Amino acid sequence: MKKLLGALLAAALLFCQSAFADQPTTVLAEVKSGKQIRMEIPVIDGANDEVFQQAANRILKDAAEEVAAKIGRRGKVEYAVTLNRPSLVSVQLTGVNGSRKYYRYVNLDLAAGREFTLDDFFFHNEERQQLLGNNTENILFTEHGVAIADKRGSHFTRQFSYEEMLPLARIGDIGRLLTVWKLTENSDGKTLKVSRGDLFAFKLNANPSTGFQWMNFLSGGPKNGIAKIGSSFMIPNSQREQTGTPGMEFQFYAAQAAGTYQLKLSYQRPWEKVGGIRECNVTVVVADKKTDME
């Protein structure tokens with residue numbers, strides 16, 4: 001009987017762990033009312049790391065106090081959650097005192113207990129500067145893109161969708177922010193349905209030391225509708241010091257325009273005219289979608 005109870009308890013614990021894993025962030029409202037001001041302070045609960053959760057809540061509390069001070073501690077302070085991921089959450093705090101308004105944007109990384117920035121997910125290069133401009137300090141992440149205010153305390157005036165920013169993505173980190181559909185060679189002959197703005201990645205067996213590499217050939221759909229935005233190669237930890245060791249190649253693609261595409265991956269030597277010794281052919285259907293950035 002004790003063994004049975006122990007097994008049931010262990011199963012219950014495993015269920016609880018899986019139920020809490022990879023879930024949206026819980027944001028509660030703490031209401032504080034004074035003689036001349038009413039404040040809604042966002043409070044995070046249920047995060048995986050208690051220390052980082054406390055750090056994030058201190059940031060939110062300080063931000064709410066900043067907003068209250070900027071409107072003379074009269075009127076009201078409210079908030080709206082604009083992005084919610086298992087370890088990322090963004091909040092817009094708004095202070096209103098008559099015609100006086102003040103905005104504060106907070107983007108929190110609950111896996112580090114700090115505010116995150118564009119640099120955490122997108123390369124800071126000339127292409128990003130041309131797209132977003134020089135002033136990207138006051139930025140708010142949303143479900144579908146980023147919003148930028150020209151100066152601290154003002155409302156955002158510029159908006160950019162994640163689709164526009166996909167070529168700038170840091171492929172090692174972007175999966176925390178955006179949807180990444182994962183595929184292997186088992187996807188050969190099948191159809192992948194995604195939405196514009198999604199990412200998908202192939203995990204492929206490879207051994208670059210043999211001269212073979214995975215080459216991609218794309219047809220159908222609008223030009224540049226699907227773009228390869230990066231690749232990486234990894235070998236098992238236990239064999240990293242051995243030369244010529246096979247490993248896994250990861251190829252990342254961005255769905256940038258609606259359409260039906262034929263994507264062929266061929267494992268071959270580039271200088272040889274014969275076809276690949278292995279192939280993976282996938283039909284990718286990209287559906288258009290509307291954004292609700294407001």
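The model discussed here is predicted.

Biologist: Is Gln-251 buried or exposed?

Modeller: Gln-251 lies in strand 15, which covers residues 247-255. A residue counts as buried under 20% relative accessible area. Gln-251 has a value of 0%, so the residue is buried.

Biologist: Which residue's side chain makes a polar contact of 2.5 Å with the side chain of Gln-251?

Modeller: The side chain of Gln-251 is joined to that of Glu-249 by a polar contact of 2.9 Å. The contact of 2.5 Å is made with the side chain of Tyr-253.

Biologist: How far apart are the end C-alpha atoms of helix 2, and what span should its residues have?

Modeller: Helix 2 runs over residues 50-70 and has 21 residues.

Biologist: Which strands do the buried residues of helix 2 pack against?

Modeller: The buried residues of helix 2 include Ala-56, Ile-59, Leu-60, Ala-63 and Val-67. In an α-helix there are 3.6 residues a turn, so residues three or four places apart point the same way. The buried residues of helix 2 pack against strand 2, strand 3, strand 4, strand 5 and strand 6.

Biologist: Which residue caps the N-terminal end of helix 2?

Modeller: The backbone nitrogen of Val-51 has a side-chain oxygen 2.9 Å away. That oxygen belongs to the capping residue, Asp-49.

Terms used:
Residues are numbered from 1 along each chain as its sequence is written. This is a predicted model: local features need pLDDT of at least 70, side-chain atom pairs count only at pLDDT 80 or more; totals for chains, interfaces and linings use all residues. Side-chain values use heavy atoms; hydrogens and water are left out. Helices (H or I, at least four residues) and strands (E, at least two) are DSSP runs, numbered from the N terminus. Buried means under 20% relative accessible area, exposed over 50%, partly exposed in between (1.4 Å probe, protein chains only). A polar contact is a pair of N or O atoms within 3.5 Å; within protein, one must be able to donate a hydrogen and the other to accept it, and residues adjacent in sequence count only if both atoms are side-chain atoms. The expected span of a helix is 1.5 Å times one less than its number of residues. Contact means heavy atoms within 4.5 Å.
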